[in-house]
Amino acid sequence: MTDHGHELTFGGFLTPAAAQPDQVVALARLCEQVGLDLVTFQDHPYQPGFLDTWTLMSYVAAATERVRLAGNVLNLPLRQPVVLARSVASLDLLTGGRVELGLGAGAFWDAIEATGGRRLSPGAAVDALDEAIRVIREVWDTGHRGMIRVDGEHYRVVGAKRGPAPAHPVGIWVGAYKPRMLRLVGRAADGWLPSLSYLPKGPDELPALNALVEEGARAAGRDPATIRRMLNVTGTFARSSAGFLAGPPEQWVEELAGLTLEHGITTFILGSDEPRAIQIFGQEVAPAVRELVAAERTPPEPRAATGQQAAAGAPSTLGVTPTPDPGVRLSARRPWDESTRPSAPPPPAGHVYPPRGQAAGQHLVDVHDHLRQELAQVRDLLEQVKQGTVSPGRARAALNEMTMRQNNWTLGAYCAAYCTMVTQHHGLEDASIFPHLRRSETGLAAVLDRLEEEHVVIHGVVESVDRALVELVRRPGDFTGLQEAVDLLTDTLLSHLSYEEHQIVEPLARHGFFPGQL
């Protein structure tokens, strides 16, 4: 199996816990905030401890703007194919094309039967899934004249009308492990969606399983390269390696890129409900995997061995612009003296910045831009709360009466996710990136010391926002403390991000975020 060149996508696999519905939605929003492409939920309609997956997807669709949504995977035995097809198409139309269809044949048959579903043998379950995919595609095929007629053993549709068609070509992704199911993926599906934790031998099993998908595709006259290979992954982020996908972010980058280049996996979905893990996966791991895979897919450029060669090809100046400090301060407090900030040493004369170096420098600016954007949304949400309105991002139906406590909770949940993002971004820099830059260039020591000191200060400012939110719950209507805390967070964060970019964007373009990146 080799890389087929699909665009890389990254997602989250969240638990639809009924006991904490607000937290589930907040985590889905966090996935979007940190740049993930996809949010997915498991589907077990017989499990009373879970929210109904389709209802949850519809609610999350209204609470987000960009991220795509899918079941991982939807339980076919308890979801009638024609109705499911129309549900998918309807939500896809309502979201402007943000829905995909993850589909499973069923596994927990005692629970399925207890809930009213039909118990099927393994072979019959595969046949039923095959028929269901045919039905779903027929419903969506509004360009074909005539009624839908599928005379299957498990699903019989005789004269149903077609439509609606979804807003975009919805992918049908099938979770499969056994030979017949894998061949069905190759024959009828758009993507293969297994979980790494279900593979006893880990990635070593992928070649044989991929071969069965390709066998099914070729038997049906399809190009195997058109089928997206996906993978649900779990693991831990730690300072040192403890196994596959258990270690620092740079280890994850190398291992996920290897799964793409060696086994053709181009969608990675992280199974985690931990905000820290989601943030690192979306903001640190995913961009670096994309960069590494893109570099491997692109033929290497000739090295510029001399200044003359550099002038003729690779840029000798850094084409990344650090963000200026806004210069305006909203708070009267000054937690640090900006005039005492040290400066990085000048870059070496005539240094050539290859495309990967340019991308490394730009990546820091991109991460910071996301933090700036989210900070602006926090400030906007604060104004909405002060006005007594509900956040548009939640897209909730208006209630006859909205209590200030509910509005305060909306702001608090958003700030909690955002502040976690800031804290973990700084923690990753302190634990991994800064030590690498210290080893690579000793002249940066004073700058890195100052940046770490400012991280501690910002952490204290973030805590002051938390304290102000708690106080607001105790004293509804008095926004003085919260406004001051958010203003101080704005001043310190924007100043710090600009200073950091001006000092280390260029060194990152020469040394990268981790050893061996460039």
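Visitor: How many nonpolar, polar and charged residues are in the lining of the second largest cavity?

Guide: That lining has 3 nonpolar, 2 polar and 5 charged residues. Ala, Val, Leu, Ile, Met, Phe, Trp, Tyr, Cys and Pro count as nonpolar, Asp, Glu, Lys and Arg as charged, and the others, Gly among them, as polar. This is a predicted model, in which local features need pLDDT of at least 70 and side-chain atom pairs count only at pLDDT 80 or more, while totals for chains, interfaces and linings use all residues. Residues are numbered from 1 along each chain as its sequence is written, and side-chain values use heavy atoms, with hydrogens and water left out.

Visitor: Which residues line the second largest cavity?

Guide: Rolling a probe the size of a water molecule over the atoms shows where empty space is left. On a 1 Å grid over the protein atoms alone, a cavity is a set of points where a 1.4 Å probe fits but cannot get out; a pocket is an open set with protein on both sides within 12 Å along at least five of seven lines; lining residues have an atom within 4 Å of a point. Here R329, R333, R334, P335, W336, E338, L488, D491, T492 and S495 line the second largest cavity, which holds about 70 Å³. A volume is the space filled by probe spheres set on points joined across faces, edges and corners. There are 5 cavities of 30 Å³ or more.

Visitor: What is the volume of the largest pocket?

Guide: About 890 Å³. V73, A107, G175, Y177 and Y198 are the closest to its centre among 33 lining residues. The lining divides into 17 nonpolar, 13 polar and 3 charged residues. Helix 5 gives the largest share, 4 residues; helices (H or I, at least four residues) are DSSP runs numbered from the N terminus.

Visitor: At what angle do helix 5 and helix 6 pack?

Guide: Two packed helices are described by the angle between their axes and the distance between the axes. Helix 5 (residues 122-140) and helix 6 (residues 179-188) pack at about 15°, with axes 10 Å apart. Axes are lines fitted to C-alpha atoms over the stretch in contact, with angles from 0 to 180 degrees between N-to-C directions. The two helices are therefore roughly parallel (under 35 degrees; over 145 is roughly antiparallel, 65 to 115 roughly perpendicular, the rest oblique).

Visitor: How do helix 3 and helix 5 cross?

Guide: Helix 3 (residues 81-95) and helix 5 cross at roughly 45°, their axes coming within 9 Å. Helix 3 and helix 5 are therefore oblique to each other. In helix 3, P81, V82, L84, A85, R86, V88 and A89 meet A132, V135, I136, V139 and W140 of helix 5, contact meaning heavy atoms within 4.5 Å. This contact has 11 nonpolar, no polar and 1 charged residues.
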